[in-house]
Amino acid sequence: MENTDVQEVKRHIRVYLYTFSALAVLTVVTVAAASLNVAVGTGIFIAMVIATVKGTLVAGNFMHLFSEKKLVYLVLIITVFLFFVMLCIILSTINDQVLSVS
Amino acid sequence: MEIPYTVSPRPDTGIHNGKLGIWLFLASEVMLFGALFSTYILLRTSAIDWPLGSDNLNVPLGTFNTLILIISSVTMVMAWASLMMKDFKKYKLYMGLTIFLGILFLVVKIAFEYAPKFAHHHYPSTNTFFGIYFVLTGLHALHVLGGILVNGYFWGPGSKMWKKAPQQFINRIEIAGLYWHFVDLVWIFLFPTLYLL
């Protein structure tokens, strides 16, 4: 964002306000969707999809990820990959839990 | 000795060192919260019964706090935009609002959510649900507190840098903003996970 002129910043401010509106609406939608009479799995899926959209708006617009340098993307890609590796390792112990219960 | 690349971007990375530093820090934060989210999934899928968040937690207050954090993200980014437009007074206003909203978030969390839970003898040791609820929201609240302290410094004594090194100060506010937005981002996932599902 270095060397950004005033006009560019003003354009960004409009994007920030649109993003805020979208986030506020999606927050209400999240709460409303949770009151729907759907299966737990479907409810989790809907809530996570909305949260992911909201997260993308925050990261993309407020954190300027939509116009960031390649190195930042590389850091994030490695992080996401390692997160999923960690998730798989932790979730792989679910069978251990089930066996110990039964 | 002057620290290099605090203002101008490093030729090989394309960004100033502070920004690379905060992204690496945020990467470690993703792993920290990611580990706890993974733990939540493991605990929930392994449990025979899992209490519904909306039956045990105050959804309207959680929604209110979500909106507070979203608004604070807007005021934070507006503080940075104000500096980019050389308007220091507006910066002070927006940064002050960000700090106020952060404090309001913590007041709602502690006084109106945690306190009634403790009054009803709901502690982290009560059950696995409250255990993971207090760990996740407590760690998040500590991050909010950390953000308030950093933003408070940049609102108060740290803002003197604006006169001596304005571009470096803008970069510092951008970095503080990245952290603050990350804290907002974490809450965006915490809220439905804990309160609604």
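# Chain B: burial and fold

Of the 197 residues in chain B, 53% are buried, where buried means under 20% relative accessible area, exposed over 50% and partly exposed in between (1.4 Å probe, protein chains only). This is a predicted model, in which local features need pLDDT of at least 70 and side-chain atom pairs count only at pLDDT 80 or more, while totals for chains, interfaces and linings use all residues. Residues are numbered from 1 along each chain as its sequence is written, chains are lettered from A in the order in which they are written, and side-chain values use heavy atoms, with hydrogens and water left out.

Chain B contains 7 helices and 0 strands; helices (H or I, at least four residues) and strands (E, at least two) are DSSP runs, numbered from the N terminus. Its C-alpha atoms fill a box of roughly 60 × 35 × 25 Å along the principal axes. Among contacts in chain B with a separation of 6 or more, 77% join residues 24 or more positions apart, a contact being heavy atoms within 4.5 Å.

# The interface of chain B and chain A

The contact takes 51 residues from chain B and 47 residues from chain A. Together the two chains bury about 4200 Å², 83% of it on carbon and sulfur atoms; buried area is the accessible area (1.4 Å probe) that two parts lose on being put together, summed over both. In chain B, the residues that lose the most area to chain A are Trp23(B), Met31(B) and Leu42(B), together 14% of what that side buries.

The rule finds 1 salt bridge across this interface, defined as a side-chain nitrogen of Lys or Arg within 4 Å of a carboxyl oxygen of Asp or Glu. Glu68(A) and Lys19(B) form a salt bridge through their side chains (3.1 Å, N to O). On the side of chain B that touches chain A, helix H1 (17-46), helix H3 (59-84) and helix H7 (166-196) each supply at least two residues. H1(B) gives the most, with 16 residues.

# The two domains of chain A

Chain A is divided into domain 1 (1-68) and domain 2 (70-102), with bounds that come from an automatic or database domain assignment. Their contact takes 4 residues from domain 1 of chain A and 4 residues from domain 2 of chain A. The C-alpha centres of the two domains lie 25 Å apart.

Between them, the domains bury about 300 Å², 63% of it on carbon and sulfur atoms. Leu65(A), Phe66(A) and Glu68(A) supply 100% of the area that domain 1 buries against domain 2. Across this interface the rule finds 0 salt bridges.
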